[in-house]
Amino acid sequence: VQLVESGGGLVQAGGSLRLSCVASGSIFSIKAMGWYRQAPGKQRELVAAITGGGAINYADSVKGRFTISRDNAKNTVYLQMNSLKPEDTAVYYCNADVASNIFVSDNYWGQGTQVTVSS
């Protein structure tokens, strides 16, 4: 299974970006999908997650600004980021719990996409 992110880049404070993550490979079903980020010198942290049933969780720092969604038919998760702040600058990673059959599931990470917000 591979997770491939896209949509990162450089944006001014107050701007918007939309990240996408597509899962491919031996996929029977995808359970939770989420976005994490890691800024230089800091630990990786959860930004937002969405379960297969649609339950959503956000980090307090992004509530009201970021929106996570998924398209199950396309095995894709999105992160719409609005009102971006310089402190949102980080490498953003996609994460997913993927079942390859009814017995086996594993957790996977994407390679990361850089988001830089200038002040």
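**Loops, sheet and core**

Guide: Asn 75 is partly exposed, with a relative accessible area of 24%. Please note that this is a predicted model.

Visitor: Where does Asn 75 lie?

Guide: Asn 75 belongs to the loop between β7 and β8. These two strands form a hairpin with four residues between them.

Visitor: What is the phi of Asn 75?

Guide: The phi of Asn 75 is near 50°, a positive value in a residue other than glycine. As background, most residues other than glycine have a negative phi.

Visitor: Which loop holds Ser 83?

Guide: Ser 83 is located in the loop between β8 and β9. Its phi is positive as well, at about 50°, although Ser 83 is not a glycine.

Visitor: Is Ser 83 buried or partly exposed?

Guide: Ser 83 is partly exposed, its relative accessible area being 40%.

Visitor: Back to the hairpin, then. How many bridges join β7 to β8?

Guide: Six bridges link β7 to β8, and the two strands run antiparallel. Within this pairing, Thr 67 stands opposite Gln 80 in β8, while Ile 68 has Leu 79 in β8 as its bridge partner.

Visitor: And how many bridges join β3 to β8?

Guide: Six bridges join β3 to β8, and these strands are antiparallel. Here Arg 18 has Gln 80 in β8 as its bridge partner.

Visitor: In what order do the strands of this open sheet come?

Guide: The order of the four strands is β1-β3-β8-β7, with antiparallel pairing. The edge strands are β1 (2-6) and β7, each of which pairs on one side only. On average, neighbouring strands of this sheet are turned by 15° against each other, direction ignored.

Visitor: Why is β8 said to be largely enclosed?

Guide: Five of the six residues of β8 are buried, so the rest of the structure largely encloses this strand.

Visitor: What does Leu 79 touch?

Guide: Residues up to four places away in sequence aside, Leu 79 touches Leu 17, Arg 18, Leu 19, Trp 35, Val 47, Ala 48, Phe 66, Thr 67, Ile 68 and Tyr 92.

Visitor: Which residues touch the most other members of the largest nonpolar core?

Guide: Those are Trp 35, Leu 79, Met 81 and Tyr 92, in a core of 29 residues. Strands that each supply at least two residues of this core include β3 (17-24), β4 (29-38), β8 (76-81) and β9 (90-99). The largest share, five residues, comes from β9. In general terms, nonpolar side chains tend to be buried together in soluble globular proteins.

Visitor: A change of topic: where is Arg 37, and is it buried or exposed?

Guide: Arg 37 is placed in strand β4. Arg 37 is buried because its relative accessible area is 6%, and the cut-off for burial is under 20%.

Visitor: Which side chains make a polar contact with the side chain of Arg 37?

Guide: One is the side chain of Asp 88, at 2.9 Å. The side chain of Tyr 92 also makes a polar contact with that of Arg 37, at 2.9 Å.

Visitor: What else is Arg 37 in contact with?

Guide: Leaving aside neighbours within four places in sequence, the contacts of Arg 37 include Gln 43, Glu 45, Val 47, Ser 61, Phe 66, Glu 87 and Ala 90.

Methods: Residues numbered from 1 in each chain as written. Predicted model: local features only at pLDDT ≥ 70, side-chain atom pairs only at ≥ 80, totals over all residues. Heavy atoms only, no water. Core = buried A, V, L, I, M, F, W, Y, C linked by side-chain atoms within 4.5 Å. Buried < 20%, exposed > 50% of the residue type's maximum accessible area, 1.4 Å probe, protein only. Contact = heavy atoms within 4.5 Å. Polar contact = N/O pair within 3.5 Å; in protein donor to acceptor, adjacent residues only side chain to side chain. Pairing = 2+ DSSP bridges. Axes fitted to C-alpha atoms, helices over the stretch in contact; angles between N-to-C directions.
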